[in-house]
Each structure stands twice: as structure tokens, then as C-alpha cells.
Amino acid sequence: MNKQYEHWENVYTEHSEKFGNMPSIFAMEAIKLLKKENKNRILELGGGQGRDTINFAQNGFKVDVVDYTRKGIEIIKEKARYQGLSGYINPVQHDVRNPLPFEDETFDGCYSHMLYCMALTTSELQFITDEIWRVLKPGGLNIYTVRNKNDIRYGTGINRGEDLYEIKDGFIVHFFDKDKIKHLSRGFEIVDIDEFEEGILPKKLYRVILKKR
């Protein structure tokens with residue numbers, strides 16, 4: 001993960017819109033769910049360059065967004081200022097392997113698109129999930145995606161331990177099955193786990209919805 005920091009910094013520096021500037025389909029679905037559940041204050045983990053962050057703010061959510069990289073946070077701040085959304089977005093540079101810099105029961109929901117499948121071990125992911133549980137209000141939602149073992153890239157490249165593989169362009173991906181999702185869900189009710197595809201490969205992912213008991 002420490003080596004991945006430099007890799008992501010370089011990617012964001014060289015590509016100002018690495019994943020495009022349109023929100024992900026997953027974010028648009030999450031917005032519908034969060035509105036239906038009357039959730040207003042959101043924590044986004046792994047905000048990247050802010051394509052989903054901006055969409056949340058445009059839909060009236062108050063968003064505290066965390067990213068590992070300095071460059072990602074700079075880009076999100078700049079986008080928020082340009083679009084007049086600084087009052088809705090609080091960008092924070094933070095390593096999620098450390099305790100989240102927020103008080104207990106602060107948020108109505110936590111959103112992360114493929115953060116869980118970064119270069120993180122299962123024990124680190126359990127720590128992150130426990131921290132999410134801590135900062136969510138009772139009944140709060142943890143909504144996230146992960147690449148799964150049906151993905152064409154699973155088992156390719158260099159194995160970095162567990163189900164982590166260094167694949168194309170130096171990215172390390174942690175691939176999931178449903179058992180791992182269930183293992184990481186202590187303290188939460190599993191509302192839904194379903195599979196979908198994204199991108200031109202396409203990537204095969206699980207969409208996970210958890211509710212804090």
C-alpha cells in the first residue's frame with residue numbers, strides 16, 4: 001500500500017480525469033437509495049478525483065471525502081470551489097489503515113467505489129469496516145463495491161498475498177468472493193450483495209449494501 005501511494009500520486013498528476021468527469025452508475029444508484037432512506041450526511045472513502053463526490057454534493061448531500069493521495073484531495077478542492085460546492089464538501093487526506101478522523105456516530109451513510117479492492121489485506125479491511133461502523137449512526141448504511149473472482153483479471157499478474165494481484169499498469173487489486181464480504185460484515189445487517197459489470201473489460205463487481213445494527 002505504501003508503494004501504491006506514489007503510483008496513485010503519479011496517475012492523478014498525469015491524468016487529471018483518470019476515470020472521467022461523469023459520476024459512476026454506482027454513485028447514481030447509491031444517491032437514489034440514500035434519498036429513499038433519508039440519509040443526508042455522507043462519508044466517502046477513496047474519493048479519487050471527485051467524480052462521485054461532486055455528484056453527491058450536487059444532489060444536496062453534505063460529504064466528507066477521504067483520499068490517500070495529496071493530489072486527489074487538491075483536485076477535489078479545486079472542483080468544489082469551481083462549482084460553488086465548497087460548503088457541501090470537506091476533503092481530507094487520510095490513510096484508511098489509521099483510525100478515521102471523525103467522532104462516533106457522525107454519518108448517515110458511508111460510500112466507497114472500489115476502495116475495498118485496493119492493496120489492503122483482509123485484516124486491514126476488517127479494521128476499516130469496524131471504523132466505518134464506529135462513525136455511522138445506528139441504521140446507517142455502508143455501501144461499497146469490490147471486484148470479484150469472476151473478473152477476467154483474477155489470478156493474473158503477480159500474486160501479492162491472499163487474493164491480491166498486481167495487474168496491468170502496476171495496480172494491485174484485492175478480489176472478493178461473497179464469503180469474504182460476509183466475513184467482513186460483523187456488526188452490520190447484510191441488505192444486499194449483487195453482481196454487476198463496469199467499464200470496457202468489463203470489470204465484474206459486487207455491489208454491497210450493509211446496515212448498522
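The model is predicted, so local features need pLDDT of at least 70 and side-chain atom pairs count only at pLDDT 80 or more, while totals for chains, interfaces and linings use all residues. Residues are numbered from 1 along each chain as its sequence is written, and side-chain values use heavy atoms, with hydrogens and water left out.

**Strands and crossovers**

- Strand β1 (residues 41–45) runs parallel to strand β2 (residues 62–67), and five bridges join the two; helices (H or I, at least four residues) and strands (E, at least two) are DSSP runs, numbered from the N terminus, and two strands pair if DSSP finds at least two bridges between them.
- Within this pairing, Leu45 stands opposite Val66 in β2.
- Between β1 and β2 the chain passes through helix α3 (residues 51–58), making a β-α-β crossover that is right-handed, a term used if, with the strands pointing away from the viewer, the path from the first strand over the helix to the second runs clockwise.
- On to strand β3 (residues 89–93), β2 is again joined by five bridges in a parallel arrangement, and here Val63 stands opposite Ile89 in β3.
- The chain reaches β3 from β2 by way of helix α4 (residues 70–82), and this β-α-β crossover is right-handed.

**Covered elements**

- Five of the six residues of β2 are buried, so that the strand is mostly covered; buried means under 20% relative accessible area, exposed over 50%, and partly exposed in between, with a 1.4 Å probe and protein chains only.
- Helix α3 is also described as mostly covered, with six of its eight residues buried, namely Asp52, Thr53, Ile54, Asn55, Phe56 and Ala57.
- The elements that cover the buried residues of α3 include α2 (25–36), β1, β2, α4, β3 and β4, where contact means heavy atoms within 4.5 Å.
- Just after α3, Gly60 takes a positive phi of about 90 degrees.

**Cysteines and a buried loop residue**

- The structure holds zero disulfides, a disulfide being a pair of cysteine sulfur atoms within 2.5 Å.
- Cys110 is buried, with a relative accessible area of 2%, and Cys117 is buried at 1%.
- Leu120 lies in the loop between β4 (107–113) and α5 (122–135), and at 1% relative accessibility Leu120 counts as buried.
- Although Leu120 and Arg186 are 66 residues apart along the chain, their C-alpha atoms are separated by 18 Å.
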